[in-house]
Amino acid sequence: MAGERLDKVLAGSLPDYSRNRLKAWVEAGAVMVDGKVTKARYLLHGGESVKVFPQEMPEQFAFNPEDIPLDVVYEDVDIIVVNKPPGLVVHPAAGNWSGTLLNGLLFYYPELKSLPRAGIVHRLDKDTSGLMVVARTSQAQTSLVRQLQERTVGRRYLAWVWGDAPSQGKVLASVGRDQRDRLKMSAGSPQGKPAATLFRRLAKGLVGEAAVTLLECRLETGRTHQIRVHLESLGFPLVGDPVYRKKVPGVAKNLSFNRQALHAFALSLQHPVKHELMTWFRLPPQDLLDLLPQVGMSDEVLPKESVVLASIENEAR
């Protein structure tokens with residue numbers, strides 16, 4: 001032990017704990033050398049008394065059930081469909097170890113603890129609202145994952161973007177980590193995965209002299225931040241997006257809207273057991289309805305449920 005760093009000695013002596021966890025304990029003052037708190041880099045001389053007081057870590061609560069209100073649109077013995085509100089993280093991760101959709105699902109459906117990721121098969125960003133499907137059995141989870149891989153799950157989004165977008169289009173550009181900013185994704189990344197987004201224009205609006213367009217987007221793939229990255233790459237960043245802001249006009253600061261204006265309004269899939277087409281539709285939450293007059297639009301521009309469901313059924317034939 002003489003001449004070795006404290007963190008290295010701890011890692012060798014306590015192999016059941018990660019280096020990051022041990023380092024966190026040292027920094028929290030939960031490791032003492034000869035009765036004194038020290039740093040992870042401290043060089044041991046040999047013969048010291050090292051005492052470790054194990055601490056609970058936030059990730060230990062990641063899969064704890066929590067009483068979080070959920071808007072359950074549909075449920076049966078195989079699947080659950082939820083309408084996720086903006087601001088709710090889907091899955092625990094660094095910075096959000098609790099208070100997630102997963103924690104809420106475990107509270108209302110305790111059997112999900114036996115499934116990987118508690119049955120979650122796809123995600124929405126924290127500040128994107130809308131429809132998501134969750135599996136309740138391993139058979140359903142396998143089927144849903146396969147449908148997502150085969151690109152047969154229909155996911156339609158409403159996206160309000162800055163700029164005068166064309167009447168329709170398709171973006172084919174890989175999506176991967178931005179090499180300059182690892183917290184962002186980028187389009188056309190050499191290390192990225194193939195991604196495809198279809199869009200069509202539903203309405204035009206104005207904020208001052210700046211054009212705003214309401215688009216219906218359909219995902220053929222489901223990459224992280226895909227719609228946000230793809231539309232920004234065309235010069236049409238989402239209204240309110242705090243991250244992807246190229247070509248955002250100055251008048252954006254006049255809007256009282258503080259998240260990306262993106263809502264998953266329609267979901268369609270083959271039921272994993274009944275093998276019949278199922279579709280769901282949900283209008284945007286109140287914050288997006290309140291945005292409409294700010295961008296010179298009315299709720300008349302929003303899709304009609306009967307039209308959308310008929311269109312999905314026609315395409316499935």
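Predicted model: local features only at pLDDT ≥ 70, side-chain atom pairs only at ≥ 80, totals over all residues.
Rolling a probe the size of a water molecule over the atoms shows where empty space is left. In this model, the largest pocket has a volume of about 1,400 Å³. Its lining comprises 43 residues, and those nearest its centre are R123, L124, D125, T224 and H225. Two or more lining residues come from each of helix 4 (138-149), strand 7 (154-162), strand 9 (175-177) and helix 5 (226-233). The largest pocket lies between domain 2 (63-150) and domain 3 (152-316), because both domains give residues to its lining. Sorted by class, that lining holds 19 nonpolar, 13 charged and 11 polar residues.

The second largest pocket has a volume of about 410 Å³. It is lined by 18 residues, with T152, V153, G154, S268 and E315 the closest to its centre. The lining of the second largest pocket is made up of seven nonpolar, six charged and five polar residues.

A closer look at one residue follows. Q260 sits in the loop between helix 5 and strand 13. With a relative accessible area of 2%, Q260 falls under the 20% cut-off and is therefore buried. Its side chain makes a polar contact with the side chain of T128, at 3.1 Å. Beyond its neighbours within four places in sequence, Q260 is in contact with D125, D127 and T128, with R228, and with L238, V239, G240, D241 and P242. Of these partners, D125 is also among the residues nearest the centre of the largest pocket.

Key: Residues numbered from 1 in each chain as written. Heavy atoms only, no water. 1 Å grid on protein atoms, 1.4 Å probe; cavity = no way out; pocket = protein on both sides within 12 Å on 5 of 7 lines; lining within 4 Å. Points joined across faces, edges and corners; volume = space filled by probe spheres on them. Helix = DSSP H or I, 4+ residues; strand = E, 2+ residues; numbered from the N terminus. Nonpolar A, V, L, I, M, F, W, Y, C, P; charged D, E, K, R; others polar. Domains from an automatic or database assignment. Buried < 20%, exposed > 50% of the residue type's maximum accessible area, 1.4 Å probe, protein only. Polar contact = N/O pair within 3.5 Å; in protein donor to acceptor, adjacent residues only side chain to side chain. Contact = heavy atoms within 4.5 Å.
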